[in-house]
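Dear colleague,

Please find the structure below, followed by a summary of what was found in it. I would be grateful if you could read the two side by side.

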Amino acid sequence: MATNNGIYNFKVVLLGEGCVGKTSLVLRYVEDKFNENHISTVQASFLNKKINFDGDHVNLAIWDTAGQEKFHALGPIYYRSSNGAVLVYDITDEDSFNKVKNWVKELRKMLGTDIHLAIVGNKIDLARDRHVTLEEAQVYSEKVGAMHFETSAKLNEGVDELFLALTEKMVHDYKLKTNNGNSHRQNLQNAVNVVDDETSVNSSTGSCCGRG
Amino acid sequence: MWSQYDENLCENPFFEEIRNNHSDIIRRATEENWVVCVPRNGALETADISIETILDHVLLHGAGSSFSTLSKKQVCVKNKQIYFDSNQLFSNNVDILFEETFYLGKTSKYTVWCIDRPLFLRLKCSSHSATVLESLHDCIDFLWVESLGHDILDNLRMLVDTFIQDHQEFETENLQCQKDIIGNLYSQCLQTSLKNKTVREKSMKNRQFLENLKVSVETYMQYCLGKKLMFAVNTLLYQTDAVINKIVRNSYSLRFKDLNIPEKFCTVITSAKCELNKINNYVTVLDKMYCLKQVFDVVCNAGKQQESECVTSDDLLQILVFLILKLNVSNWAANLIFLKEFRFSLLDNTDQNSYCLATLEAAIEFIKSNQFLEIRNLAFNSSVCSCSSQLSIEDIFKQVKEHKINFESEKKDVTLCHPLCACDKCKSAIQDCETEDFTNDKGQNLLIIASILGNCDVVEILLEEETSDVNFADCQGKTSVHYAAQHGFQDILLLLVNAGANINALDYEKNTALHLACNSGQENCVKAILYSTVDAEVNVGNFFGDTPLHLATKWGYLDIIRILLENGASIIVRNNRNQTVLNLATNCYVLQLFQSFGMRQSATICKSIKENNPVLVNERRASQVCTEHGLKPKNLDQSKKIDLLLRAIESNDLPLTCFYLGFSCNAALSVKRSACHPLCDCDKCSKDDEAVDSTTKAPSQIIHINTCNAEGYTPLHIAAKFGRTDILRLLLDDGALPNTQTYKTLYTPLHLACFYQRVQVVRELLKCGSCKVDLQDTKGNTPLFYACVKNDVKIVEILLANGADCTKKNYSGRSPLQESEDNLQYRVFKLMKNSLGCVLGRDGGQGFGVGAGDNGLF
């Protein structure tokens, strides 16, 4: 989350219903088509992507969240202290869009405006069966202050743009905040802990790493 | 997953050279998807950077996984490694450390691979591979190598040692306080290590080095602190862990498919279990974290076998839940907090470690949640109800309630219209018949099933009808008492006890109901067992030698431990791994409890002997003891008691032995009588004893000292067999007969002592005077014979000195002398020959044909 020698570390969580294709979306992004044969990791739960633009060196840690209904209450453990969230729905499935709306509510409630949201309609290759219109999604996204994209993981459309835009926004926001002098405002880990009280004690011992 | 190595490529001289002076390559790379390989910082000397090396490091896509460089060399990429042909013999592959995408505007981008060392270049000695510290071993190596000696290690250990002395009891502090204390120690350690000149210079220059230094200092510090730190965290979280343990222990029947885990992970569960089981072997955050990561790697490799399948967070979470349920780790909450809060060296919370931790946390939370409870209950009920009959359990229970009157009147023989008839009349007849002696596929009858499911009404009816045996055991040897106790159904347990169920029944793992109640943390049932019955055994060990107190301690159920201790549980009993409960205690509060109760316990035992001891000694004297065998126990209760007593002696539990026998460890000293001599039996002395006898009542609970068990073993036998010298002395002092023999084998304690080579015991036994040296067992062997068989020179010497006869033949006609001669036991043989010589010399020197043997041995 913080910069470290000019390196930005951001945590991005993936949220969405089971079959909206969030896994293939992130696999498409991280293991893109140039090297799907040789650098193959089969696990899609935690992925790392390093990108560099305008001299900003960004480390994206992309976390998949447990999406089954029975694990719903565990969400906060995954998304706390994240800088960005990618909320995926299937444009052919109205229900999955409603799920996204619920997620947005929950995230805003737990993390406030510190988290940048990207609402993503996946599977535009199946636009014939579209049940969520572009306008509806855009209007909603604007209302809740989120970015909106439509992608196809299958055809690799819009995936790169999505993550790049989200990253740019996170970097931009971070720079703005550090310029205002509140360099550690992003440390949300302590504010959103829902598990038990003992773990949420402030980690003030961080100051003990003596240098030089 | 990528290696943890990271660096800012913009500061890499090789990459700088390309970007500044070869922008054409960059341009072509964006257009044609070339991959630029950059050796990590420090792997390539600045002098080596030339146009040739740069061309060697730009890869063009070929077919499949093959690439060619701009210099037209062929390489291929597999498993995050670049393979190439070169004139080097061994290292033809280079690790790709990470991949980075560089954007030039919104749409144009190119890919850079940071690699461990340059391609096609002869390996330089200086460029060892990128150091990523993963274990304690790595850290110690790092500190040792980088500081060129063990000064830093020594200094750190000294710091920690003084810390441990200064902070004896920091485990009862709260988390923040503990963190502050340890954090403080950490910064001290770091400062100390930075005093080393070489290390300071290197860490000023290289950021990666400084990070590694921090990690290794912290890890070594935690290693020096050892178990102390984990003990403190355990103490902090003992309640949470007890709650988790109770849930986990009660979920034993949960299976793989109940959690909806995909079939493909079946194969890796065992190896993942092995990995995760190691977590408490480690004391440092780094090692524990590594252990956790290994588990994830193992699981992810399972997915690899099937193409196009990937492992999702859901999979990982469910597998981790399953592993936690199946492992014998008792402090998950403490481990989690330890991993989360006691890592000061790395504050980044976006790496893979924190993902693993989040998954662990989620798994623990899930186990505590209501959803899990529902899954568990569902799975549990279905597992019980899987019966061979076509009737459902509910139906049968309903019938039991409705037809309760019919039970007695109806006969078992049902006459059907014809053998396979299915008319209504016959059907109901069959059903009634089935209800009566119904068992499911686990051999559980209705009473047991009702006890498992907690159906109190049905249990009550069944007990009233007396149709089924209260002590009926299923295929695991468990009775309904076991199940009621295990599942915490106090009301059913009380009903069963009331109906005369055997509370001390053992299942096939030798668990009593109390064991199971303690294992699954059912406090109400522990109370029910101990308060409602008088004869519940508290200190009996199961198949693994664990007493109920062992189990309660292992899982940290503080309240149960207290109840057990109040009801006479011993803290000195050892299990088969030779652990007392003191060894098993994982937190400070349990230890405190043991300490306070241990004191009180010994005090009460002392008190009880002061009151009872004279009586007991007298009683023992007066009673007529069979000379050949031990006393038979008078009743069933006594025979159980004697078994317990023998077990107590076996586990060298002196206080418990004393307790059963009704005197204290220092009984012999505490009772002073003015007898003529210690063994005097004259009228005056016995009168004295009787006088004491009449004033105090003899407690009926006490076992006679010469009582034997079913095989005829007396306490003295057991003490001799296991070499419990202290107890043996005590027994002899209090009138145990040294010449009692076991029933079938006719062993005396001396036989056993010789066979098991208990030198000290042999000495003690012979010291008591009345011990016969040459008694023969069923095979006619004397103790000396066994000493010869074992070739124990010491014992042979003692026996001979006490007049053992080395020529006494056993029933197969062999004497100890012959035995040792045939086995070429020179020293034993010589000893015997010498003693024989003395005897013969005394008797007038009759010739004895042992000369040949003599020659044979020399």
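A salt bridge is counted here where a side-chain nitrogen of Lys or Arg lies within 4 Å of a carboxyl oxygen of Asp or Glu. In this predicted model, B:Glu146 and B:Lys202 form such a bridge through their side chains, at 2.6 Å from N to O. The two residues are 56 residues apart and link distant parts of the chain, B:Glu146 being in helix 4 (residues 136-146) and B:Lys202 in helix 7 (residues 197-205) of chain B. B:Glu146 is buried at 14% relative accessibility, whereas B:Lys202 is partly exposed at 32%.

Over all chains, the structure holds 27 salt bridges. In chain A, the side chains of A:Glu17 and A:Lys99 meet at 3.6 Å, N to O. A:Glu17 lies in the loop between strand 2 (7-16) and helix 1 (22-30), and A:Lys99 in helix 3 (residues 94-111), so this pair ties together parts that are 82 residues apart in sequence. Salt bridges with shared partners join A:Glu17, A:Glu69 and A:Lys99 into one network.

B:Thr580 sits in the loop between helix 27 (558-566) and helix 28 (581-584) of chain B. With a relative accessible area of 7%, B:Thr580 is buried. Beyond its neighbours within four places in sequence, its contacts are B:His550, B:Ile571, B:Ile572, B:Val573 and B:Arg574.

With kind regards

Terms used: Residues numbered from 1 in each chain as written. Chains lettered and ligands numbered in written order. Predicted model: local features only at pLDDT ≥ 70, side-chain atom pairs only at ≥ 80, totals over all residues. Heavy atoms only, no water. Helix = DSSP H or I, 4+ residues; strand = E, 2+ residues; numbered from the N terminus. Buried < 20%, exposed > 50% of the residue type's maximum accessible area, 1.4 Å probe, protein only. Contact = heavy atoms within 4.5 Å.
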